[in-house]
Amino acid sequence: MARRMTHKMRASATEGGALVKLLIQHPMETGNRKDRVTGERIPRHFIREVHCEHNGAIIMTAFWSWGMAFNPYLSFRLRKASRGDAVKVRWWDSKGVTETIETRVR
Amino acid sequence: MKRRIFLQATLTTAQLALAIGSGLLVPRRVLAAWPSAAFHATSPDQAIHALLEGAPLEFSDAVHIEASNIAEDGRSVPVVVHSEIPDTVTITILSEKNPYPAVASFNLSPQVDPFVSTRIKMGGAGHVVAVVTAKGRHYYAKKRIQVTAGGCG
């Protein structure tokens, strides 16, 4: 698996619910930066959309611009969750790349 | 060693092609909803106008922004937004001094708390604005953050 992206997600059980923390590896290029060596503008490249699922149901969606920090971090709270529940996050970026990250509530 | 590099290169290209293919097929309906006008707006007022389609916006002390008063690195500023307004369905975060102020919009179902914690870029010292929609009405809060080094260069 060449150039495999590494993402981190953890869902921790809280009183009745769960806290999900997610770190996506992505450059989130604004399109304003220039390459230090070549002087060329680095094209805009960012995650546009994120879907979060709990046991197969979409519970949150997000639209992002290039204003999100690189290697975006997101944390959200499920109101009702139990240990073992499936949490899945899928994102799509401006180049059409998509990835899915999955974990279980611990 | 050469063979290894060749294999890696072909794999990467193949994976990219596959990803682009599936990416173009899947999110068509979904991408249509991406708020392009708001994200391309160059002032906070323009962005909010595009986002709310001109609907009125009122200040609310039930919308909270938690962030450090001073951000050392504008490229990555931690921001937490939460709302005490019942039936909060969206939370949008803007940074006043960015070339394109609208940063992110979160659509919440009743299964999640009206809470998001994330990190944004800040082009300079200025207000971070959170816009919250609940029961068809729009509320905002803002917090000034001093930025030592800007993050939109």
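Which residues are buried in helix α4 (residues 44-52) of chain B? I will come to the answer after a few words on conventions.

What we have here is a predicted model, in which local features need pLDDT of at least 70 and side-chain atom pairs count only at pLDDT 80 or more, while totals for chains, interfaces and linings use all residues. Residues are numbered from 1 along each chain as its sequence is written, chains are lettered from A and ligands numbered from 1 in the order in which they are written, and side-chain values use heavy atoms, with hydrogens and water left out.

To the question, then: the buried residues in α4 of chain B are B:A47, B:I48 and B:L52, where buried means under 20% relative accessible area, exposed means over 50% and partly exposed lies in between, with a 1.4 Å probe and protein chains only. Helices here are DSSP runs of H or I with at least four residues, and strands are runs of E with at least two, numbered from the N terminus. Seen down the axis of α4(B), the buried residues fall within an arc of 115°, so they line one face of the helix; the arc is that of the directions from the helix axis to the C-beta atoms. Those residues pack against α3 (36-40), β1 (57-59), β5 (88-95), β6 (102-108), β8 and β9 (137-147) of chain B, contact being taken as heavy atoms within 4.5 Å. Just after the helix, B:E53 takes a positive phi of about 50°.

Let me step back to the two chains. Chain A, by contrast, has zero helices and seven strands, and its C-alpha atoms fill a box of roughly 55 × 30 × 20 Å along the principal axes. Buried residues make up 45% of the 153 residues in chain B, and 53% of the 106 residues in chain A. Among contacts in chain B between residues at least 6 apart in sequence, 65% join residues at least 24 apart, while in chain A residues 24 or more positions apart account for 53% of the contacts with a separation of 6 or more. The accessible surface of chain B comes to about 8100 Å², with 58% belonging to carbon and sulfur atoms, whereas chain A exposes about 5500 Å², of which carbon and sulfur atoms supply 46%; these areas come from the Shrake-Rupley method with a 1.4 Å probe, and for residues only the protein chains shown count as cover.

If we leave out residues up to four places away in sequence, A:F76 touches residues of both chains, including A:M60, B:V112 and B:F115.

Strand β8 (residues 126-134) of chain B also holds B:T133, which is buried, with a relative accessible area of 13%. Its side chain is joined to that of B:H138 by a polar contact of 2.8 Å, meaning a pair of N or O atoms within 3.5 Å, where within protein one must be able to donate a hydrogen and the other to accept it, and residues adjacent in sequence count only if both atoms are side-chain atoms. Beyond four places in sequence, the contacts of B:T133 include B:L52, one of the buried residues of α4.

Finally, the aromatic rings: a search of the whole structure finds five aromatic pairs over all chains. The rings of A:F46 and A:W66 have their centres 5.1 Å apart and their planes at 75°, so the pair is edge-to-face. Rings of Phe, Tyr and Trp (its six-membered ring) pair if their centres lie within 6.5 Å, planes under 30 degrees apart counting as stacked, over 60 as edge-to-face and the rest as tilted. Both A:F46 and A:W66 are buried. A:F46 also forms a tilted pair with B:W34, at 5.7 Å centre to centre and 40° between the planes, and this pair crosses between chains. Ring pairs link A:F46, A:W66, B:W34, B:F39 and B:Y100 into a cluster.
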